[in-house]
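Please consult the sequence and the structure shown here alongside the text.

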Amino acid sequence: MEQQTRPVTEEGTVQVLLVEDDERLARLTARYLQEHGVIVTIARTGTEGLTEAARHAYDVILLDLMLPGRDGLEVCRELRTRSDVPIIMVTARGEEIDRVLGLETGADDYLPKPYSSRELLARIRAQVRRARGHAGPATQPIQAGRLQLDPRSLTATLDGRSLALTSYEFALLRVLAERAGRVLSREQILDLVKGSADEVFDRSIDVHIFRIRQKLEEDPRNPKLLKTVRGAGYMLTRGEES
């Protein structure tokens, strides 16, 4: 494991775990991030990454998909059983099926190689803002029928039952809850969830909606709360029909 530090920026300390077996790429990526105030720890294998993630609380984990031994999907899946830390998949496999698999396994974002270092930094900052609750103005708890969200603590409950959401899932559900009863297109959701992100990103809204339904609905195949409006987008009901 390797770690170097730089002076803390105005935005505060950001600590990133980079799980990458390509030594040259790992060093170049770490050097760029460190020049912008990010503390980077490098793990060479999936097993090392899991050990390090259990040892220390990181703000973001950058996870390569193609790793020796335990691959990125397996590592991501295990991380999600014990942590909601933001995970960005970073891999040369940029086909749609790979992006979908990564998101379904629990990743919050996906960046194919070769990537822009500036874009990577922007995505990290966006995930940190979201996880720390700074993606938008702080508000009072949001009530949408049986669902309640607390933007300050990034927690959500349904009928008093806590929902285990990642920071991105919380941000997406918040956008829908604040507009409960309204249909939002995928483009509108993307614009609203991005908030003050530094770059324009593509994300698979459908996959994130699927994951949220698994945690929100009694029968995800017949959703009562988070509905698809064919040809229009998605809508979170106010609770009258559930």
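At least two residues of the lining of the largest pocket come from each of helix H4 (96–105), strand E9 (155–158), strand E10 (161–163), helix H6 (167–177) and helix H8 (205–216). The model is a predicted one.

**Largest pocket**

- The volume of the largest pocket is about 350 Å³.
- Its lining comprises 22 residues, and those nearest the centre of the pocket are Asp84, Ala164, Leu165, Thr166 and Lys215.
- Helix H8 contributes the most to this lining, namely 3 residues.
- By class, the lining of the largest pocket consists of 7 nonpolar, 9 polar and 6 charged residues.

**Packing of H6 with H8**

- Helices H6 and H8, which each supply at least two residues of the pocket lining, pack with their axes 10 Å apart and at an angle of about 85°.
- Angles of 65 to 115 degrees count as roughly perpendicular, and H6 and H8 are therefore assigned to that class.
- On the H6 side the contact is made by Tyr168, Glu169, Leu172, Leu173 and Leu176, and on the H8 side by Ile205, His208, Ile209, Arg211, Ile212, Lys215 and Leu216.
- The residues of this contact comprise 8 nonpolar, 1 polar and 3 charged.
- Lys215 of H8 takes part in the contact with H6 and is also among the residues that lie nearest the centre of the largest pocket.

**Packing of H5 with H6**

- The axes of H5 and H6 are 9 Å apart, and the two helices pack at an angle of about 70°.
- H5 and H6 are therefore roughly perpendicular to each other, and their crossing is left-handed.
- Gln127, Arg130 and Ala131 of H5 meet Ser167, Tyr168 and Ala171 of H6.
- The contact of H5 with H6 has 3 nonpolar, 2 polar and 1 charged residues.
- Tyr168 of H6 belongs to the contact with H5 and also to the contact with H8.

**Packing of H1 with H5**

- Helix H1 (residues 23–35) and helix H5 (residues 117–131) have axes that come within 10 Å and cross at roughly 60°.
- The pair H1 and H5 is therefore oblique, and H1 passes H5 in a right-handed crossing.
- H1 contributes Thr29, Tyr32 and Leu33 to the contact, while H5 contributes Ser117, Arg118, Leu120, Leu121 and Ile124.
- The residues of the contact of H1 with H5 are 5 nonpolar, 2 polar and 1 charged.

Technical notes:
Residues numbered from 1 in each chain as written. Predicted model: local features only at pLDDT ≥ 70, side-chain atom pairs only at ≥ 80, totals over all residues. Heavy atoms only, no water. Axes fitted to C-alpha atoms, helices over the stretch in contact; angles between N-to-C directions. Helix = DSSP H or I, 4+ residues; strand = E, 2+ residues; numbered from the N terminus. Parallel < 35°, antiparallel > 145°, perpendicular 65-115°, else oblique. Left-handed = near helix turned anticlockwise from the far one by under 90°. Contact = heavy atoms within 4.5 Å. Nonpolar A, V, L, I, M, F, W, Y, C, P; charged D, E, K, R; others polar. 1 Å grid on protein atoms, 1.4 Å probe; cavity = no way out; pocket = protein on both sides within 12 Å on 5 of 7 lines; lining within 4 Å. Points joined across faces, edges and corners; volume = space filled by probe spheres on them.
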